[in-house]
Amino acid sequence: MHSSDEYAERDIDISMLTRVEGEGSLRLRMRDGVVESARLSIFEAPRYFEKLVEGRKPDEVIDIVARICGICPVAYQMSAVHAFEDCFGVEVEDGVRALRRLMYCGEWIESHALHVYLLHAPDFLGYASAVEMAEDHADIVGRGLQLKRLGNDILALLGGRAIHPVSVRVGGFSRVPRRGELDALRHMLDHAVEWSAETLDWVSTLDAPAFERDVELVSLVHPHEYPMNHGRIVSTRGIDVATGAWRDAFEESQVPDTNALHARTRSGTTYLVGPAARVTQCADRLHPRAGAALRQSGLGGAIAANPYWSIAARAVELLHASSEAVDILDAYTRPDVASVAWEPRAGVAAWSTEAPRGLLFHRYEVDASGFVRAAQIVPPTSQNQGRIEDDLVAFTPTMRDASDAELTHGLEQLVRSYDPCISCATHFLDVEIEEVP
Amino acid sequence: MTRGAPTVGVVKFASCDGCQLSLLDLEDHLLEITGTFDIVEFAEATSRRSPGPYDVLLVEGSVSTEEQAAEILELRAQARTLVTIGACATAGGIQALRNWADHDEYRRAVYAHPEYVASLATSTPVSSHVRVDAELHGCPIDRGELLELLSALAVGRRPQIREDAVCLACKRRGVVCVTVARGIPCLGPVTNAGCGAICPAMDRGCYGCFGPRPEANMPSLTGSFLASGGTRADVARLFEGFTAYAEPFRTTVSDLRGRGPEEDADAQQ
Amino acid sequence: MSEAGQGHRYFLARHRLADLIDVLRGAGGRARTVIGPTVEQGAIVYAEIDTAADLPVGWRDEQAPGHYRLRREGDERAFAYAVGPTAWKRHLFPPARVRMEVAAEPGADGTRFEPTQPAASATVLLGARGCELAAMRVQDRVFRGGPYVDDHYADARDAAFVVAVQCTHPASTCFCTSMRSGPGVEAGYDLRLTEIADGFVVEAGTDAGGEVLVSLRLDPADEERAGEAHAAVAACAETVTHRNRGVDPIRARDLDMYPEHPRWDEVAARCLACTNCTMVCPTCFCSRDVQQSVLARPDGTVERQWDSCFTAEFAAVAGGSFRSRIRDRYRQWLTHKFSTWWPQFGTPGCVGCGRCIVWCPVEIDVREEIAAIGTSAPESDAQDGGERRGDVDLGPQALTTSPGGVPEPPPRTGTVERVTTETSDTVTLRVRTPPGLEAQPGQFVLAAVPRVGAPPISVSRLEPGTLELTVRSVGPATAALCRLGPGDPLGLAGAYGRGWPIEAARGNDVIVVAGGIGLAPLRPVIDAVLADRDSYGDVSVYVGARTPDDMIYSAEIGTWEQRRDVTAARIVDRAGPDWLGPVGVVTQLFADTAREAASTVAFVCGPERMMQASVDALVDSGMRAESIWLTTERHMECGVGLCGHCQLGPYFVCRDGPVFTAAELGPYLGVEGI
Amino acid sequence: MEQESGEVITPAHALQAVRLGAGLGEATREKLARVGQILVRGAGAVLFREGEKTPYLGVVISGRVGIRTYVAGRGDVTLSTVEAGDIFGWSVLVPPSRAHATVWAVTDVTVLGFPAESLRRVLAADPDLAAAVYQHALSALGRRITSTRLQMLDLFGSPRTTEPVRPPGALSRRLADVRRGAATEEPTS
């Protein structure tokens with residue numbers, strides 16, 4: 001143990017965040033044990049996607065924006081395809097709508113299983129990686145990998161491959177599976193439901209740091225379904241705008257030393273998107289099995305208030321996604337056509353969907369021939385970034401007596417609890433903790 | 001991991017993380033891989049870090065900042081076998097499209113304060129900077145090819161990764177040619193197989209994400225696209241994808257657009 | 001019901017097609033999988049058929065170079081189309097199958113090479129056309145016509161019940177009548193169907209076919225229907241012959257005589273080398289053996305996969321590809337199909353189905369290419385070709401094959417007894433010969449390292465109970481062989497190929513010319529001659545190497561040099577001051593010596609260019625090309641003439657060589673791109 | 001000059017026995033032989049050096065003559081050897097008559113040399129002799145160029161990627177060691 005005096009000149013340097021997607025750092029400025037500022041810096045090189053899509057046609061844009069993120073490419077494809085379809089007045093078949101939800105289920109399962117088991121859980125149990133964790137907990141890690149694999153299998157079935165699937169097109173899909181192709185998957189999904197339920201039971205047993213904060217939660221909210229591709233943008237503090245009207249409630253700005261843009265509410269406050277926001281706002285629209293498991297776990301309040309408990313929110317959503325996937329498969333009949341015909345029209349194509357990490361907004365200005373003339377993409381991590389920094393400032397004093405190593409670990413675990421997706425945010429982070437005299 | 005096993009590092013430059021995720025996506029083999037190799041550096045998966053040396057270094061992403069251009073030189077010196085993985089590392093990636101454009105305009109358009117953003121005017125493949133021992137193509141790489149690379153390294157065989165045309169894989173798979181049967185433009189004849197002909201199997205044309213194969217007959221294929229009624233810009237857009245900066249796609253795009261990319265001036269320094 | 005036998009025509013009403021399929025699926029109490037035409041992916045493809053409703057009823061196709069479209073005619077005809085993209089080889093010779101299971105545990109007992117056993121299930125091939133049956137007969141010759149057979153193919157073929165359908169709706173790309181393979185079906189079927197307005201005229205070709213007819217209780221076809229069927233096929237033949245462009249197969253046989261025709265460059269400019277033509281071709285049979293294993297697991301497999309002569313690695317050896325340009329590959333493909341297939345298998349390799357024309361994305365039409373090369377070829381050359389036109393019969397009966405070969409043998413496990421380092425990159429392995437392996441001088445073995453590869457290695461010494469392999473490390477597989485130590489196991493398959501005619505050289509002067517590692521396959525010749533020295537005339541051995549340090553068997557060459565009854569000399573390309581021997585090329589050692597043509601035999605091995613210079617010098621000194629024996633290098637993958645990689649003009653180097661006379665190789669030796 | 005047999009070699013005898021002489025009529029051969037001299041040199045002796053005025057056109061009567069050049073870093077490299085019956089020093093025939101390489105005796109050699117001045121004189125005086133000598137030199141040069149080309153091809157050299165027999169630290173070996181639970185050190189090769 002150290003006395004707080006020793007920290008007057010404290011200078012902690014964490015060079016790069018690990019077990020996050022993409023490259024970024026964290027710099028903490030401290031004086032007399034009080035955090036003056038926390039800055040997530042993204043040194044992930046910018047790739048200028050908004051410019052890359054200019055002059056391209058909608059289906060090309062769907063292929064291109066997937067490459068913003070290797071972990072959640074479907075989210076990018078979903079926001080884009082719905083934006084264009086909304087702009088062009090395209091009505092897709094119900095079967096196509098269901099398959100798109102199924103695809104999102106696949107991505108949520110893959111992404112959440114990755115985060116819960118491979119990225120986040122080692123923090124709770126004190127391992128450097130899931131591989132080391134597997135030496136003591138082979139069954140647990142094995143279950144996580146199996147779940148993750150099933151998510152990928154869903155994606156590969158619908159999209160040809162798990163990462164950067166190829167089938168999402170304006171109007172539907174390039175190809176939709178035959179009933180028979182789903183059978184092998186259907187059998188395995190029963191296991192996924194079971195493994196997801198076990199995941200929630202298991203994460204409920206983990207110890208999370210006691211840390212609570214009051215935060216504005218933002219997600220899509222839909223009257224009948226758990227939000228994925230449809231709903232209004234709603235917050236716990238009164239924001240309620242149409243799914244394409246993100247700019248009515250939020251704005252982006254740029255801060256020095258980072259290649260990412262930050263988002264704030266129009267009133268300049270930070271907010272949180274993601275599984276905790278969705279679970280908190282839409283608990284009553286969870287799949288009955290997931291809803292019941294959430295109530296039984298008693299973690300609903302912790303999920304809303306303590307960022308570390310986002311791991312439970314992901315577990316709840318694993319159960320939701322695998323349960324819903326079962327329902328979709330059972331009800332599946334192959335759509336008559338994979339894709340309906342459409343014509344471009346000039347206008348603004350704007351839409352938000354729920355990526356695994358939270359609300360993902362796309363806005364395209366399209367000309368009469370369907371070419372994109374301007375684009376704006378706001379990924380969930382750049383929306384969460386301000387909130388993460390606020391939480392770091394609030395959290396650090398709770399560990400004032402911790403050693404450098406412990407503090408660093410606590411900070412990293414906190415950052416990881418948001419599952420920051422830095423490639424996406426390049427629109428993110430080295431952790432440097434710097435004590436200013 | 002096994003003490004004394006060959007050490008593996010996984011690092012990234014400008015990219016989406018999808019290719020290194022492919023390693024984690026080998027779910028059924030992941031623990032066997034870590035039992036065969038000692039993964040000493042893989043920021044996405046472990047908090048353990050190692051500056052090298054590495055028996056095998058897998059590099060994802062394109063070189064697009066000055067720091068990256070310097071870092072790749074240091075990494076090369078630490079790597080016995082350096083393997084680039086994915087379209088960004090092997091061909092510059094989708095972001096290499098900026099090589100044809102005005103970089104400053106890009107920065108201004110995306111960022112209100114471009115002065116905060118450090119990036120090179122070009123995005124270039126790793127092989128433009130250092131010697132590369134092997135390449136895995138694709139956006140993203142194919143998990144099977146990655147496993148084959150690791151397996152080949154483990155037993156000392158030549159990786160069974162060939163630069164055949166997508167058409168060969170497509171026909172083996174029993175997919176009907178989308179160009180002949182439906183008139184859909186497909187880059188399969190000039191693109192490396194490796195994906196297993198995913199796009200034609202999903203009823204669409206190949207978009208070249210595994211990059212041009214060495215013997216791509218570009219004049220013949222582009223001639224055929226133009227003859228089928230595509231405009232020069234339409235045909236150019238087909239190649240302006242994830243491997244546009246790889247020859248001969250690069251020259252084809254420049255010819256069709258009537259302008260070339262900025263040279264890899266940064267890479268040559 | 002004996003009248004259901006062969007030669008009788010029956011009538012199957014259209015509504016009873018479903019019954020036929022049911023009987024086919026379950027006939028004789030044995031369950032069969034029915035593979036037949038169905039509409040999928042915008043084309044008529046062959047896939048598993050459950051009911052008559054799966055057939056392409058009411059569909060028509062439209063085919064042209066690089067173009068295929070389906071349209072719904074809406075009538076009730078089920079077979080009113082010409083062949084689509086799938087060929088039956090997909091079912092008889094699948095795109096990928098595990099050929100062998102291998103294991104590499106430490107110790108000889110843990111090294112296993114086990115061929116997979118064929119286990120084809122009973123299958124009905126429904127809808128095979130005349131050209132397709134011709135293609136099966138062509139592949140029969142390839143896969144089961146030689147001393148080694150592909151037993152999986154043979155098994156699948158034997159397990160297939162063929163329901164042929166005579167063509168009545170040809171495509172513009174069909175040229176079966178010129179290749180005499182259709183549109184009618186003459187042989188090779190169990191049942192034969194001809195579609196007419198209200199159903200099908202059905203005939204049995206075998207007893208098994210007859211049994212199906214019996215169980216269907218069909219009435220005989222009346223004259224009118226029989227006539228309608230006959231007329232429909234005749235009209236189809238008429239259309240193909242007179243409306244469509246064709247190929248003169250006899251004239252096309254001379255294609256290989258114009259390797260420098262400018263048309264090859266023109267077609268290469270268009271050819272994408274995409275492999276589509278070879279993949280859709282019903283007779284193309286080339287394959288590659290792919291080593292498969294997972295991480296450090298000791299077990300693995302060898303998978304045989306469809307390959308194509310258009311791929312970069314097809315003709316590649318460690319030094320590079322023999323066919324580096326698209327021009328070389330297109331020429332190889334076309335000349336193989338129409339010219340060199342004849343000496344290999346006694347037939348052309350084309351059946352006129354037109355698939356290669358339709359499925360070429362850039363519309364290359366073999367008929368046009370053949371016409372362009374054939375008709376503009378110099379008359380004098382064409383006349384030379386005339387001599388080759390012997391008694392040609394393209395009819396179906398000419399194509400029957402009598403099976404009788406043995407399955408490809410797996411490697412047998414041998415044990416390394418001793419390793420001798422020859423040079424910085426070359427070692428000689430002395431291996432205890434596995435039981436059953438017999439080798440002759442000049443033959444080669446496939447030296448298999450489980451999970452790594454099985455490169456062809458010439459036998460470099462033969463002694464009772466052991467053989468030696470001299471291996472240069474030029475790739476991972478040879479490097480793995482070079483890493484073996486005493487006691488290590490390795491697999492040996494073979495020995496294969498035609499060896500040196502040592503016996504025939506008895507009584508003659510013998511000249512041995514070796515370059516580099518080319519001395520290895522020649523050493524057994526020298527051993528044999530010296531062991532029986534008195535049976536030969538003058539014996540000369542000339543050895544070239546890059547530098548003195550690169551010379552293999554250096555001490556042994558010294559002992560030859562010492563002998564009074566052998567003229568031995570060596571020469572190097574480059575040398576430092578320590579070397580007191582000759583510097584230059586190997587031909588300098590013997591160019592000035594006059595030879596007795598009638599009584600001199602030469603054995604030459606080295607890089608192709610060196611062999612060519614040696615042949616020139618030996619011929620200049622009076623020798624006949626027929627007495628000069630060479631061994632040549634090509635990409636040899638299977639060793640028994642089944643994979644297609646090692647073709648050199650009309651030869652399979654693995655089977656017809658690797659030893660050839662200079663006269664046999666004459667047109668091909670040192671020629672770029674053959 | 002004595003050979004093993006004890007017979008004295010004369011230029012005329014020597015010339016008769018080699019290809020250069022065999023192609024000449026007797027009178028002409030005599031004329032050429034008159035300007036020739038028999039030279040005997042011990043193994044290792046330098047006959048003449050690169051860059052010097054070529055002193056004579058030589059015919060190897062016995063032994064082996066080497067033609068070498070100096071390459072920085074590699075020292076003296078023998079490019080080719082001249083065996084009995086063949087000529088060297090052809091540069092004497094072509095101005096500026098400077099030696100392109102160093103000529104040395106690989107073994108003890110006997111050489112028939114035609115000194116530059118007298119050779120030029122006799123060739124100038126007899127066009128038929130000149131034609132015969134030039135033609136002989138040209139054909140020898142032709143063979144040498146062909147040989148040089150083949151040597152340049154480096155036919156026995158590495159295919160594109162010759163791999164070292166025992167690559168340092170080959171992964172497979174390390175893995176094999178790991179599996180046997182053996183040493184984790186770099187394997188010795």
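A polar contact is a pair of N or O atoms within 3.5 Å, where within protein one atom must be able to donate a hydrogen and the other to accept it, and where residues adjacent in sequence count only if both atoms are side-chain atoms. This is a predicted model, in which local features need pLDDT of at least 70 and side-chain atom pairs count only at pLDDT 80 or more, while totals for chains, interfaces and linings use all residues. Residues are numbered from 1 along each chain as its sequence is written, chains are lettered from A and ligands numbered from 1 in the order in which they are written, and side-chain values use heavy atoms, with hydrogens and water left out.

**Chains A and B**

Select chain A and chain B, where the rule finds 21 residue pairs in polar contact across the interface, both residues being at pLDDT 80 or more. On the side of chain A that touches chain B, helix 6 of chain A gives the most, with eight residues; helices are DSSP runs of H or I with at least four residues, and strands are runs of E with at least two, numbered from the N terminus.

With contact taken as heavy atoms within 4.5 Å, 68 residues of chain A and 59 residues of chain B take part. The two chains bury about 5,300 Å² between them, 58% of it on carbon and sulfur atoms, buried area being the accessible area (1.4 Å probe) that two parts lose on being put together, summed over both. Pick out Tyr48(A), Lys51(A) and Gln254(A), which supply 14% of the area that chain A buries against chain B, more than any other three residues.

Six salt bridges are found across this interface, each a side-chain nitrogen of Lys or Arg within 4 Å of a carboxyl oxygen of Asp or Glu. To see a salt bridge, select Glu27(B) and Lys148(A), whose side chains meet at 2.9 Å, N to O.

**Chains C and D**

The area buried here is about 3,100 Å², of which carbon and sulfur atoms give 55%. Across this interface the rule finds zero salt bridges and five residue pairs in polar contact, both at pLDDT 80 or more.

**Inside chain C**

Finally, select residues 519–531 and 554–562 of chain C, which are helix 17 and helix 18. Among the residues that meet there are Leu519(C) and Ile526(C) in helix 17, and Ile557(C) and Trp560(C) in helix 18.

Conventions: Axes are lines fitted to C-alpha atoms, for helices over the stretch in contact, and angles run from 0 to 180 degrees between N-to-C directions.
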